[in-house]
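Please look at the structure below before reading on.

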Amino acid sequence: MNSTVVTSHSIILPEWTNDILFYSFEIFQKLLKLIESLPGGVILIRYIKSSYQNDPFRSILEIFLVLFALRYFISPKYSIEKQKNNLHLSKREIDDLCNEWVPEPLVDDLTPSEAYLLKNIPIVDGRISNKINLLENPYLSNSPHNNDIKYADNKQEFKGKISISDNLENVINLASNDFLNLNNNPYLKSEAAKVIRSRGVGACGPPGFYGTQDIHVRLENDLADYFGAEKAIIYGQDFCTAESIIPVFLKRGDYCLVDSGVNLSIQKAVIISRCKAIWFNHNDLNHLVQILEDLKDDLANQKNPIPRKFIITEGLFANTGDFPDLPKLVQIKNDYKFRLFIDESFSIGVLGKSGKGLCEHFNVDRKNVEITTGSMANSFASAGGFCIGEKPMVFYQRIASSAYCFSAALPPYLARTTSCSMEVISKSYRDQINSNGLKKSIVSKLQANCQLFHNALSNNSNILNFFKIVSTKESPVIHLVFNSDYKKILKLPNFYINENNKYAKLINEQLDELNEFNEPNKLNDKSGSNAAAIKSERIDYYSNPTFKKHHTLKEIQAELSPYDYYNIENFLIVKIVNKLLYDHHILVYASPRILRHEVIKMTPDLKINVHSNLDSTSIEDIINKLSQVILETCNNIKSFQDLKKIFDDENGISKY
Amino acid sequence: MMLTDEIPNIEINKDLSHQQKVDKEYGPLESDEFLYLSQYDNLIAFESPPIEEPPYLTTFLTYLNYLILIIIGHFKDFFGILLTPNDFSDVLEKDGHAPYYSKFESFYVRRLKTRIDDGFSRPTVGVPGRYITCIDRYSSNYNKTFQYTNETTTCLNLSSYNYLGFAQSQGQCTDFSLEALNAYGTGSGGPRNQIGSTDLHQKCEAIVADFVGKEDAILFSMGYATNANLFTSLLNPNCLVLSDELNHASIRFGVRLSGATVKTFKHNDMKDLENIIREQISQGQPKIHRPWKKILIVVEGIYSMEGTMCNLPQLINLKKKYKLYLFVDEAHSIGAIGPKGRGVCDYFNVNPNDVDILMGTLTKSFGATGGYIAADKHIIDRLRIDIMTCSYAESIASPILAQIISSLKTITGEINPGEGEERLRRIAFNSRYLRFGLRKLGFIVYGMDDSPIIPLLLYIPNKMPAITRSLYKRGIAVVIVSYPATPIIASRVRFCVSSSLTKSDLDRILSEMDYFGDKYYIKYAKGKHNDEPFDDKPNATLTMFDKSTY
């Protein structure tokens, strides 16, 4: 506009601008000298000069870059990202909001069905062996926090009812995971005592920091030798073993195919690993192959680097007591270049002629299973978990597996106990061979007992009227669930899903067809129409609130959540367990699984743990008594209303 | 030198008398002067000890050191894979299978950690008490594999978590746990809610609850798993966790498993925490702006790598002011601090009921293993049926319970009155004495004065093998810690003090450290703490370690 005016004025500069120019030039000169005096400064100045002469624009760009780099380094490392939709609030408003905010209680109070479970946890007085003494259960809260629960008024009343109140003596224990009865083995005890006498009880440090004793190293070698693997690593607890190992080898972008009947430890591990997990129907290898075929193209595109791929399953399923067809599984995983992960917690000491697990059962070389984990707390009568496999796999766990790195080592006496257990099991097998089968090994005894028990149960029509046997004849844990006929009478769903959990929903959507628990003697309720019926029934009973209101308002006074439905079914099982305990002094147990943690579908089950010291007459006796108790209990319960009424009575819930 | 691949079966302490054995596990008290009471002076507002900065040259050298290591590592990888691919089979694809770990993922382990692997996982034999006996190893292939030499080195033990010196093979605790072994068996039989609860569990839980000052407690067979499986039972995705940035891996794992949102605050920075609290309560959940269901502050009593303590009084103020819940992990503080050894609440003299959940491990101070959670009865009742470990994992074995019961009773004075108090006062003295001595010598040491964890900063990574190998040769076992447990530039050596050490043991350590500190140039804080008194109490007569006497 009037640029000419500006230029004409700019020629006559005031004196102070001259001064500023002069001084700044002087400072610039000094700065140059200073830079020259620094080592390498001359080169820098020469570089700037020449670059400016050749290309002044480049110099400007470089200055910008330097400034940007400076700003980048000076700015805070993680600038707190303000949410875009954050509201701008004044201090007073924030104060008000803080005052108004009311948190939920840290934990919900127990519902009556949960309180019932709590007060029926058995407490053993003294050692846990074949015959045990039980104590009164003290676990019920008397704290004022539970006052608002409806049953609180009747506290005195229910105390004497069904909870384990009198001291029970000489109870036959069919609830312990110590299948081979090694917990009180004198040899194990004396060896453990020696270790405590020379090393104390605790290891007092993580394995990486002086917590590894020679005993631990020896146990790792023993485990590797026993199972015929390259290397072994031991963990402090069985539950966190798989939970910690799977996230080490499965990261974002990796693939795993998981059997939808796996135990909770694996479920949690798979979810937390953030890998791409695809769940296949429980023990349905055809479904597995189908998924693998579908995946083929996806995987073929991922060449650089190829993802890690695992098939995850169990040696003897903790939830169902069956096992996968290993030879076929090995065939599949070789065909599709997957690795195999098997949790053998329950199959060790049980399957295979000398008790070395699933591989021995099917005569498959252990090297075909890339990762085997297991528990030392079951058949080995010790504690902790272990993992065996190839050297690099074990090597990497020692730095990357958090339950190994960040936790104290297993107490040395327990490590020694495990070594000794393996010794005892091997020795008894050798004795059997040397005596040409006359002297039976403890594993053979256990296997024979499992078979006997299973056969006797399958021939008992009284029990089969109400229950079905889910586990196979090899399993020492016998799983009984209510059969679908009885469930239909009680209007209970065939299985429960933790619907508040987004993973549980996702997984069960993935499994397109409804898969009944796999049973060896397949009942004829697996047809498509029946599956649909089961689904609708399930929706009727706890997904559809309107239905619940209309149908249940008259009979059921309290609102029931899906968890309550599960717990009420469980209540019936606990009732049978208790009756067997009080009338006949036999302890079996209701599965302590927790619906709100599981992501797979589940159903309450009655479990009987067989051990090697039973004989055929006592097995007959136990089953007769069991069938008697089941008849007495279940014959009186012919509808859901009956069940709820008994439940309310026993929990002191007042009726309207 | 005879080398074997199999770990040798060495019997130690064969020729020692009973008393010598006892002294080797738990040193005798040399003078009543060497006792101290660990308690925080409540009149002084809590201040987290300042973090001393290393000289710039040291920081520069640290980065340079890593740069060189990384360049050499990549150089070796590049040419190694070209020339000798067989040595790299672990990180390369093998017949269509991806490697278990990628080259990049494992670079740190293969190229940096393996170089100093001789300082980790040294196999030991015997009780990790006052002395620890390590089995010597030898590697002919730069720590890829080790062979055993059939010899042992007995070291002063500053590596084990044995704060009160209960790692013993003699004495009332061992006797009691042997009795329990005989009476109850080796293992536990199954999960708590299935069959694994015995009268001993009940007894032990009552004692633990009483000890920490809560209504009830519940025990688990592993400390890590206690945290890893707790938070899923307390929190859901609509909850918020405010977590200290230096919290232990088990807490981070557990919180991740619960699905709750996590905000971390700067280590022990209560202002930062309050800002986050105000922002989060006022803004609510992201996007939907619904209020958070619950907010849980998660801190540790003593931080295992820093030796710092949480600012418990201020945390309780904040918790009350904003209606939050407070979880304190006392893994390293229970037994180790406080006038009665009852952890941070005892140390700061606050009411344990002001903390909602107190968690701790039984490995560190009580010579046992496992973890506990102590809280109000209604919380514990809920956890008993809701926590995964109770229903799925094996319960804690009886000999371990016996060790816990007897050690707790010793501390409270029910067994051997006076012994527990002596143990508590000895660890308080030892922690303070070693820390002040190291500071006086000019080392940079982190942490609270009373904390039994004393991290001594080395910064430059190659000082780690130097210090651990040298001290090992001189018969002192220490732990070196580096990334990922600490920031990558803050490599350190950690002293875990125990009451089983005597003052002359500590003097020996200080004199060795003085020598090696000069030799390796690791006295980064020269001359700053020369006149620091051991104790600000007027009647303190103790003379601190003086290098002129050695």
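Does Arg366(A) count as buried or exposed? In this predicted model, Arg366(A) counts as buried, at 5% relative accessibility. Its salt-bridge partner is Glu344(A), which is also buried, with a relative accessible area of 0%.

**Salt bridges**
- Over all chains, the structure holds 53 salt bridges.
- In the bridge between Glu344(A) and Arg366(A), the closest N and O atoms are 2.7 Å apart. Glu344(A) lies in the loop between strand E8 (339-343) and helix H15 (358-362) of chain A, and Arg366(A) in the loop between H15 and strand E9 (371-375), so the pair ties together parts 22 residues apart in sequence.
- Asp621(A) and Lys625(A) form a salt bridge at 3.0 Å, N to O. Both lie in helix H26 (residues 616-634) of chain A, four residues apart, about one turn of the helix. Asp621(A) is partly exposed at 32% relative accessibility, and Lys625(A) is partly exposed at 22%.
- A salt-bridge network links Glu114(A), Arg596(A), Arg382(B) and Asp386(B).

**Helix packing**
- The axes of helix H2 (residues 15-37) and helix H3 (residues 41-54) of chain A come within 6 Å and cross at roughly 130°. H2(A) and H3(A) are therefore oblique to each other.
- Leu32(A), Ile35(A) and Glu36(A) of H2(A) meet residues of H3(A) including Gly41(A) and Val42(A).

**Surface patch**
- A nonpolar surface patch of about 890 Å² is made by residues including Phe57(A), Phe64(A) and Leu70(A).
- Leu70(A) is found in helix H4 (residues 56-74) of chain A and is partly exposed, with a relative accessible area of 45%.

Technical notes: Residues numbered from 1 in each chain as written. Chains lettered and ligands numbered in written order. Predicted model: local features only at pLDDT ≥ 70, side-chain atom pairs only at ≥ 80, totals over all residues. Heavy atoms only, no water. Patch = residues over 30% accessible without salt bridge, like charges linked within 9 Å, V, L, I, M, F, W, Y side chains within 5 Å. Areas by Shrake-Rupley, 256 points an atom, 1.4 Å probe, with all protein chains shown as cover. Salt bridge = Lys/Arg side-chain N within 4 Å of Asp/Glu carboxyl O. Helix = DSSP H or I, 4+ residues; strand = E, 2+ residues; numbered from the N terminus. Buried < 20%, exposed > 50% of the residue type's maximum accessible area, 1.4 Å probe, protein only. Axes fitted to C-alpha atoms, helices over the stretch in contact; angles between N-to-C directions. Parallel < 35°, antiparallel > 145°, perpendicular 65-115°, else oblique. Contact = heavy atoms within 4.5 Å.
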